[in-house]
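Here are my notes on this one, in the order I'd go through them with the model open.

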Amino acid sequence: MTDNYFPLWDWNFLADFMNPKRMRSPVENMSSLVQIIISQTERIVQNDEPDASLVRRACAEWSMFLVDSALVDFDKAISINPDYLPAYTSRAMLYTQIGKMDLAAKDQQKCGEIAAKKYKEAVAQQIAAITTIQKNVKTFYTIANNFWQNWVDMLKQSPPSSTEK
């Protein structure tokens, strides 16, 4: 499951709605949205990242003003993956748009909690990596120091003989 995908910022069909140079007819826009709903439904049935597919489908439904269907899909995505940030973020924007500010605030708070958790996990991973590097450097230093100390000890015990007379 992917956490780094935010469908509202990524989809070309949503950018097309905002781009006057690429404006399409309402029928073409509706056709694109229906195709997205169909393709994401197929991915959900195939169990191919169902949380992301549900959010993508919900965003397409939302764009078609199918608010109830979009909310159901957002809820399903959250039930599949309770830490899936795009589901909460998108649902919070939908709640804001339809005037349910208390629900939007709850989703925004959950977004903050998930982001903080992910940040803590990332920091813990970085600390673990740095600790491993420090151990490796210390081990390398110890090995190198032992090598050179052994070399010096060997030279002290048997100095090179001079063949020159």
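1. Leu-85, Tyr-88, Thr-89, Arg-91, Ala-92, Tyr-95 and Thr-96 of H6 meet Met-101, Leu-103, Ala-104, Asp-107, Gln-108, Lys-110, Cys-111 and Ile-114 of H7. Contact here means heavy atoms within 4.5 Å, and helices are DSSP runs (H or I, at least four residues) numbered from the N terminus.

2. Some housekeeping. This is a predicted model, where local features need pLDDT of at least 70 and side-chain atom pairs count only at pLDDT 80 or more, while totals for chains, interfaces and linings use all residues. Residues are numbered from 1 along each chain as its sequence is written, and side-chain values use heavy atoms, with hydrogens and water left out.

3. Back to that pair. The axes of H6 and H7 come within 8 Å and cross at roughly 160°; axes are lines fitted to C-alpha atoms, for helices over the stretch in contact, and angles run from 0 to 180 degrees between N-to-C directions. The two helices are therefore roughly antiparallel (an angle over 145 degrees). Their crossing is left-handed, meaning that the near helix is turned anticlockwise from the far one by less than a right angle.

4. What do the buried residues of H7 pack against? They pack against H6. Ala-104, Asp-107, Cys-111 and Ile-114 are buried in H7, where buried means under 20% relative accessible area and exposed over 50% (1.4 Å probe, protein chains only). As a length check, the 57 residues of H7 should span 84 Å at 1.5 Å a residue, and its end C-alpha atoms are 83 Å apart, which agrees. The expected span is 1.5 Å times one less than the number of residues.

5. H4 and H5 make another such pair, packing at about 165° with axes 8 Å apart. They too come out roughly antiparallel, and their crossing is left-handed. On the H4 side the contacts include Pro-50, Leu-54, Val-55, Ala-58 and Trp-62, and on the H5 side Ala-70, Phe-74, Ala-77 and Ile-80 are among them.

6. H4 itself is largely enclosed by the rest of the structure, because 13 of its 14 residues are buried. Pro-50 lies in this helix and is buried, with a relative accessible area of 9%. Leaving out residues up to four places away in sequence, Pro-50 touches Ile-44 and Ile-80. From Pro-50 to Ala-77 is 27 residues in sequence but 7.1 Å in space, C-alpha to C-alpha.

7. Of its 19 residues, Val-55, Ala-70, Phe-74, Ala-87 and Leu-94 touch the most other members. Helices H4 (50-63), H5 (67-80), H6 (85-97) and H7 (101-157) each give two or more residues to this core, and H4 gives the most, with 6. A second, separate core of 5 residues includes Leu-33, Ile-36, Ile-37 and Ala-60.

8. Most residues other than glycine have a negative phi. Is Phe-65 buried or exposed? Phe-65 is exposed, with a relative accessible area of 69%.

Definitions and conventions. Core = buried A, V, L, I, M, F, W, Y, C linked by side-chain atoms within 4.5 Å. Parallel < 35°, antiparallel > 145°, perpendicular 65-115°, else oblique.
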